[in-house]
Amino acid sequence: MSADPRAEGGSASVVALGPAFFVPLGTPEHVRGVLQVANVPGASLFTDAVIDMVTGFGNQAALAMHVAEHRCATERMLVLNDRDRIARDLHDLVIQRLFADALSLQSTLGSVADRPQVGERIQRVVGRPG
């Protein structure tokens, strides 16, 4: 492989490599990587049995990568769904608390009748449009 001009810049330019082959990891539509298998320089070519074994390993590795990607996407969706639910719950809780506080403030208006500035201030907060 090191003698092949197409290997320039790859691992064969760093380490002397002999016979080699490549196995794509994934489907033709979605290749996730490439498995490179090489022998030492001067070694014999790989047998069909070895190529079949490594290809099978590559297929299993591609499947494992696909499952991991799917699991990661599923977990990401679960987190986003949880965040949406929490946001809705917080929104509802905040609205309920604001409404309860407004009612509580309205009920104190009668007790501050002798202090018109306080009553006016409470009325501005309670009567403010939403």
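This is a short chat about a predicted model of a protein chain.

User: Hi! What is the average pLDDT of the protein chain?

Analyst: Hello! The model is predicted, and the chain averages a pLDDT of 87, with 96% of the residues scoring at least 70.

User: And where is confidence lowest, and where highest?

Analyst: Confidence is lowest in H2, where the mean is 85, and highest in H1, at 92.

User: Good, let's stay with those two. At what angle do H1 and H2 pack?

Analyst: The angle is about 150 degrees, and the axes are 9 Å apart. H1 covers residues 48–108 and H2 covers residues 116–127. Angles over 145 degrees count as roughly antiparallel, so H1 is roughly antiparallel to H2.

User: Is the crossing left-handed or right-handed?

Analyst: H1 passes H2 in a left-handed crossing.

User: Which residues make the contact?

Analyst: From H1, Ala 102, Leu 105, Gln 106 and Thr 108 take part, and from H2, Ile 122, Val 125 and Val 126.

User: How many of those are nonpolar, polar or charged?

Analyst: Five are nonpolar, two are polar and none is charged.

User: Switching to the strands: in what sense do S1 and S2 pair?

Analyst: S1 (residues 20–27) and S2 (residues 30–38) pair in the antiparallel sense, over eight bridges. The two strands form a hairpin, with two residues between them.

User: Nice. Which residue in S2 is the bridge partner of Leu 25?

Analyst: Leu 25 has Gly 33 as its bridge partner.

User: How far apart are Arg 32 and His 66?

Analyst: They are 34 residues apart in sequence, and 8.6 Å apart in space, C-alpha to C-alpha.

Technical notes
Residues numbered from 1 in each chain as written. Predicted model: local features only at pLDDT ≥ 70, side-chain atom pairs only at ≥ 80, totals over all residues. Heavy atoms only, no water. Axes fitted to C-alpha atoms, helices over the stretch in contact; angles between N-to-C directions. Helix = DSSP H or I, 4+ residues; strand = E, 2+ residues; numbered from the N terminus. Parallel < 35°, antiparallel > 145°, perpendicular 65-115°, else oblique. Left-handed = near helix turned anticlockwise from the far one by under 90°. Contact = heavy atoms within 4.5 Å. Nonpolar A, V, L, I, M, F, W, Y, C, P; charged D, E, K, R; others polar. pLDDT = per-residue confidence, 0-100. Pairing = 2+ DSSP bridges.
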